Amino acid sequence: VARPLPDASGARTWDKLPGAIQQTGKCPVIVVDGLNESQSCWRIAEEVLRTLSEVSVVLVGTQDLPPADGPLPLLMTLGAKEAIDLGAPGIQQETDADVRCYIETRLAGVRAPAMDVAKIADGIVEIASQQGAGAFLVARFITAQLSEAPVDTSLPNWQGELAHSIEKTFESFIAGLPKLRRGVDQLPHAARDLMEALPWARGPGLPDDIWPIMATALSGTTYDRSDVRWLLNNAERYIVEDGQGGRAVYRFVHQWLADSLRPAKRGEADSDDGSIKVARALVDYYERLLTASQPPQ
């Protein structure tokens with residue numbers, strides 16, 4: 001293991017890591033996944049990963065992003081010597097085989113003679129393909145539910161049960177969360193209130209100051225940033241951090257979760273009422289910011 005030397009303050013900093021790696025006389029393999037999820041992905045690519053690639057093998061999993069915080073797309077900023085498209089047909093076949101193996105391993109200990117694991121694997125791969133979602137993520141959610149509630153694959157329309165497994169897993173997770181406390185008061189619906197505000201985001205996600213304002217408007221209970229932090233600490237497996245405009249923003253890890261908590265379709269009374277509440281709350285908030293001499297940008 002290469003350990004960078006501390007600087008004058010005693011801190012160990014990443015910029016000393018390449019030199020420490022060279023001193024080992026070895027060429028380690030460094031794996032970074034989900035680079036595009038970081039709000040500092042361009043900086044990480046240019047200042048960290050390209051530097052480390054001079055003394056090690058760096059494997060990066062990422063979606064490409066158009067120029068934003070840099071003059072070049074993210075993949076070009078990385079300067080990769082080789083790029084592999086995981087969506088290419090040949091590689092996709094290998095991925096599907098790996099996903100099936102993953103599913104069979106996850107369900108190997110489940111005692112359910114009526115559940116054909118091979119059929120389950122085919123069904124999950126098909127769902128992931130139709131949704132354009134990460135197959136391993138879909139498989140993890142669905143197999144977690146099937147471990148507790150197996151499906152009888154001999155019944156008609158058993159595939160429909162798979163599509164609801166993510167929501168079932170999510171509902172069980174919410175029910176098991178600790179309750180938010182404020183002194184002697186308890187807010188049993190805090191997690192759901194905050195999560196139901198998240199699908200109202202457009203784009204990469206909600207910043208942590210806007211999020212509690214939306215949750216307050218929709219639920220009628222007052223929330224603030226500390227409540228958002230509480231939720232993030234307890235539900236990090238379901239929420240990812242992204243970046244926009246130099247700010248951290250948050251969204252669900254999977255679109256299905258957003259769809260399960262999404263407000264009624266546009267045009268229905270509940271949706272219109274929620275839209276009005278959110279709009280009024282945000283306008284009030286922005287007026288307060290302007291009154292406090294915050295720049296419009």
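**Overall fold, strand pairing and salt bridges**

Residues 24 or more positions apart account for 61% of the contacts in the protein chain with a separation of 6 or more. The model described here is a predicted one. Its protein chain comprises 13 helices and seven strands. Of the 297 residues in the protein chain, 33% are buried.

A look at the strands comes next. Three of them form an open sheet in the order S5-S7-S6, and the pairing is antiparallel. Strand S5 (206–207) and strand S6 (239–244) are the edge strands, each pairing on one side only. Between S6 and strand S7 (residues 247–252), which run antiparallel, there are six bridges. To find an example in the structure above, the reader can look for Gly 243, whose bridge partner in S7 is Ala 248.

Elsewhere, a nonpolar patch on the surface is formed by Val 29, Val 31, Val 57 and Leu 59, which together have about 350 Å² of accessible area. Strand S1 (29–33) and strand S2 (57–61) are the elements that give two or more residues to this patch. Val 57, placed in strand S2, counts as partly exposed because its relative accessibility is 38%.

Charged side chains also meet in this model, where ten salt bridges are found. One of them joins Arg 43 and Glu 47, at 3.2 Å from N to O. These two residues are four apart in helix H2 (residues 41–52), so about one helical turn separates them. Arg 43 counts as exposed, with 57% relative accessibility, while Glu 47 counts as partly exposed at 36%. A salt bridge also links the side chains of Asp 273 and Lys 277, with an N to O distance of 3.3 Å. Both residues lie in helix H13 (residues 269–291), four residues apart, or about one turn of the helix. Asp 273 is partly exposed at 38% relative accessibility, and Lys 277 is partly exposed at 35%.

Another salt bridge pairs Asp 208 with Arg 229, their closest N and O atoms being 3.8 Å apart. Asp 208 lies in the loop between S5 and helix H10 (210–219), whereas Arg 229 lies in helix H11 (residues 225–234), so this pair ties together parts that are 21 residues apart in sequence. Asp 208 is buried, with a relative accessible area of 14%, whereas Arg 229 is partly exposed at 38% relative accessibility. Both residues belong to a network of salt bridges that links Asp 208, Asp 209, Arg 225, Arg 229 and Arg 247.

Notes. Residues are numbered from 1 along each chain as its sequence is written. This is a predicted model: local features need pLDDT of at least 70, side-chain atom pairs count only at pLDDT 80 or more; totals for chains, interfaces and linings use all residues. Side-chain values use heavy atoms; hydrogens and water are left out. Patches are made of residues with over 30% relative accessible area and no salt bridge: like charges are joined within 9 Å, nonpolar side chains (Val, Leu, Ile, Met, Phe, Trp, Tyr) within 5 Å. Accessible areas come from the Shrake-Rupley method with a 1.4 Å probe; for residues, only the protein chains shown count as cover. A salt bridge is a side-chain nitrogen of Lys or Arg within 4 Å of a carboxyl oxygen of Asp or Glu. Buried means under 20% relative accessible area, exposed over 50%, partly exposed in between (1.4 Å probe, protein chains only). Two strands pair if DSSP finds at least two bridges between them. Contact means heavy atoms within 4.5 Å.
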